[in-house]
Amino acid sequence: QVQVVESGGGSVQPGGSLRLSCAASGTIVTMVGIADMGWYRQAPGKQREAVALITSGGSTTYADSVKGRFTISRENANNSVYLQMNSLKPEDTAIYYCKVLTPTRLQSWGRGTQVTVSS
């Protein structure tokens, strides 16, 4: 099994910043490592959507709504992925989930961390 744990959510005013962290662990991770990692979010009443993705080689993809404001990065040595969120807007309010994919195509999700942007 793969354990995925997010941290770093919270409440912030519009224009503020937050940094989310996610760490993957487990026997499978130790054996085969992690391939793709990504951040997703789900706002109340809406479907879960991809926010930012990063491959094992460091290639990144962003949702149009966060381009230029969010930055995804990873540390392969400790199987971690981060999401730096700047210039936050109320519409960024959601539960943010981390997803990891092993080279063997095993997909695992974290439980999510709440991000609230409000004045």
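Trainee: In β8, which residue is the bridge partner of Phe-70?

Mentor: This is a predicted model, in which local features need pLDDT of at least 70, side-chain atom pairs count only at pLDDT 80 or more, and totals for chains, interfaces and linings use all residues. Residues are numbered from 1 along each chain as its sequence is written, and side-chain values use heavy atoms, with hydrogens and water left out. Strands here are DSSP runs of E with at least two residues, numbered from the N terminus, and two of them pair if DSSP finds at least two bridges between them. β7 and β8 (residues 80-85) pair in the antiparallel sense over 6 bridges, and the β8 partner of Phe-70 is Met-85.

Trainee: In what order do the 4 strands of the open sheet lie?

Mentor: The pairing in this sheet is antiparallel. Its edge strands, each pairing on one side only, are β1 (3-7) and β7 (70-75). The order is β1-β3-β8-β7.

Trainee: Is Ser-87 exposed or partly exposed?

Mentor: Ser-87 lies in the loop between β8 and β9 (94-101), and its phi is near 50°, a positive value in a residue other than glycine. Buried means under 20% relative accessible area, exposed over 50%, and partly exposed in between, with a 1.4 Å probe and protein chains only. Because its relative accessibility is 40%, Ser-87 counts as partly exposed.

Trainee: What is the relative accessible area of Arg-105?

Mentor: Arg-105 is found in the loop between β9 and β10 (107-109), and its phi, near 70°, is positive although the residue is not glycine. Arg-105 counts as exposed because its relative accessible area is 58%.
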